[in-house]
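Student: Could you take me closely through one part of this model, the place where the two chains meet, and set it in its context with the cut-offs spelled out?

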Amino acid sequence: MKIHEYQAKALMLQSGIPVPRGKVAFTSAEARAIAEEIGGKVVIKAQVYAGGRGKAGGIKMADTPEEAEKAASQLLGARMVTHQTGAEGMPVSRVLVEEASEISRELYISILVDSTTRLPLMMASEAGGMEIEEVAQAAPEKIFKVSIDPAIGFQPFQGRKLAYGMNLTGKQVAEATRLMTNLYQIFMTKDCSLAEINPLAVITDGRLLALDAKLNFDDNALFRHKDIQELHDEEQEEPLEIQARQWGINNYVKMDGDIGCMVNGAGLAMAVNDLIQYCGGSAANFLDIGTLNTTERVVNAFRMFVADRRIKAVLVNIFGGMARVDVIARGIVEAYQQMDISFPVVVRLAGTNVDEGKRILAESGINFSEAKDFYDGADKVVQAAKGRMK
Amino acid sequence: MSILVDQGTKLLVQGITGGEGSFHTQRCIEYGTQVVAGVTPGKGGNQILGVPVYNNVERAVSETEANASMIFVPPAFAVNAIVEAIDASMPLIVCITEGIPTMDMVKVHSYLKGKSTRLIGPNCPGVISPGKCKVGIMVGEIHLPGNVGVVSRSGTLTYDVVAQLTSLGIGQSTCVGIGGDALPGSTFTDILKLFEADDDTKAVVLVGEIGGTFEQEAAEFIKSEMSKPVVAFVAGSTAPSGKRMGHAGAIITGTAGKASQKIKALSAAGAIIAPNPAEIGSTMQKVLTERGLL
């Protein structure tokens, strides 16, 4: 789960990490008032769940409260299109207004769980302000890493190693070590999947300041962090993905194509989308229907397809294991009874109770196309989407 | 032979009295697995499906000599179950539970270091040696005893791959689902090592997916240590960056996590890449025929 920059900064400030003075504004009038309160130059930053805002015009400078109000009015209500968003972009409904800082250097610090060592990994670099993958390509010697054993925690010598690696000196070394210790505390206590400060600025008076802040959280651990759950901004999600969740379909991801897919299992669902592309088509979604004992979720998946105006054809690919094929088949029949399904539907069934499932579909009299195997299903649905259904 | 589980496996089920636990225990027994004990705290002394239930793992092991554990405990309590089995010196733990927080698994891995227990999963379908023993939730009937090892991060995609192999008459030595989480107990490389050393395994199917770098690590091992042919497929070529595709571990966060990078690494290491997920079985058939292994 992601949160906004201003929320991440609030959590960091609570943990003793220095951030610029600032507040979130939902209207341009609020932005003006905050700028007045801060006094002097301010920065107005669009709050969206995506990086690359600077290049996309999502960060504006203002010398006066009037300018701040104007900048905020340009951002609020607009959609932010960056290299990390789709062409549609993401809606901006809040901006962070904060004091502008005189920056002398931009550094980088992050923590994530390294799958190879299976330990938290802290990375630091003096090449801040750019994406760390670019630094890894261009100047890998500028990235310093330490693995942290949770049993002993983050150690000051590790902080010093990273601080010296970033060419910090004097009091800055202890300051950076303290900041890293605090960031590690947040990472562990809040079950983060990523904690990143990029850039971490050295300002002209020599102090360190988190100019940007990113905290992502482990979805599996949200059950023990009600405070974090409440920070989630649903506006930043795809409307179809919100709809899916409301209808009990938790594993739905919108994609760019026109073929609706309903599959059981995440790996198989990805493979179905890959196979559709191999056959010359393009999936409109990833949808793992999961294990089910009732037909409701299957009917709701069809509701999704009907609601999604891009859909030209649908492929149902089920290999029953935990999920029973007969239940899926009954769900398909109910969907046809409950709604007007005008697009062609291709069904491939295999696994637990497959004969019963096929019998239910055959006897229902619904108009669907049966696929004999995995490949046949993808091939048929691609042809159907192109209007060449046999 | 086979790897991990066989006729000598004496299975203990943690969470045996729950809905899923009892349902799948029943199916393992029907498949021929020796289920010797169940553990559910507070229900010790009872029997379920003819299997004695104990209050803790230590007692169950001392009375039944169980040598493998299958875990069906909800995510908030699963780590406790895993650690309890590690403390009882269980040689093999297969954790089916989905949804365990990553940080909890960091602690489990830290605790596992230097101990002899092998952990498979979590968030996995389990392990099956066809005709011998099934420890997991996979459909038993689609499997056929034979000489191809299968290792995969997926559940149902593996069923399809196994069904493809079986329909071509290609049997399996052992099929291992390592699970879809970011920090699996055993990685592709761990399982490839076992298949390489197993006399009954002549070739291996590896089914990877986006996220992490386990496929790249496997490629290193294939290149330097593996004498047996490996047919590989990586799911998620069409998956967008930054989106979690169902599995907790299936999210592209950097270049290395992309399917194209994994396929490149595996191919460069000498693995034979299946052109699409529907032709994994036929790709293996071709490889076995060419090398005279059929």
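Tutor: Helices (H or I, at least four residues) and strands (E, at least two) are DSSP runs, numbered from the N terminus, and by that rule chain A has 13 helices and 18 strands. This is a predicted model, in which local features need pLDDT of at least 70 and side-chain atom pairs count only at pLDDT 80 or more, while totals for chains, interfaces and linings use all residues. Residues are numbered from 1 along each chain as its sequence is written, chains are lettered from A and ligands numbered from 1 in the order in which they are written, and side-chain values use heavy atoms, with hydrogens and water left out.

As context, chain A is divided into domain 1 (1-20 + 103-237), domain 2 (21-100) and domain 3 (238-385), with bounds that come from an automatic or database domain assignment. The C-alpha centres of domain 2 and domain 3 of chain A lie 42 Å apart.

Turning to the interface, the contact (heavy atoms within 4.5 Å) takes 59 residues from chain B and 46 residues from chain A. Chain B and chain A bury about 3,800 Å² between them, 62% of it on carbon and sulfur atoms, where buried area is the accessible area (1.4 Å probe) that two parts lose on being put together, summed over both. Of the area that chain B buries against chain A, B:Met103, B:Thr238 and B:Met245 supply 16%, more than any other three residues.

Four salt bridges are counted between chain B and chain A, each being a side-chain nitrogen of Lys or Arg within 4 Å of a carboxyl oxygen of Asp or Glu. A:Glu241 forms a salt bridge with B:Lys243, and their closest N and O atoms are 2.8 Å apart. Across the interface of chain B and chain A there are also 13 residue pairs in polar contact, both residues at pLDDT 80 or more; a polar contact is a pair of N or O atoms within 3.5 Å, and within protein one must be able to donate a hydrogen and the other to accept it, with residues adjacent in sequence counting only if both atoms are side-chain atoms.

On the side of chain B that touches chain A, the elements giving two or more residues are helix H1 (19-31), helix H4 (102-112), H5, helix H7 (214-225) and strand E13 (230-235) of chain B. The residues of that side divide into 27 nonpolar, 21 polar and 11 charged, where Ala, Val, Leu, Ile, Met, Phe, Trp, Tyr, Cys and Pro count as nonpolar, Asp, Glu, Lys and Arg as charged, and the others, Gly among them, as polar.
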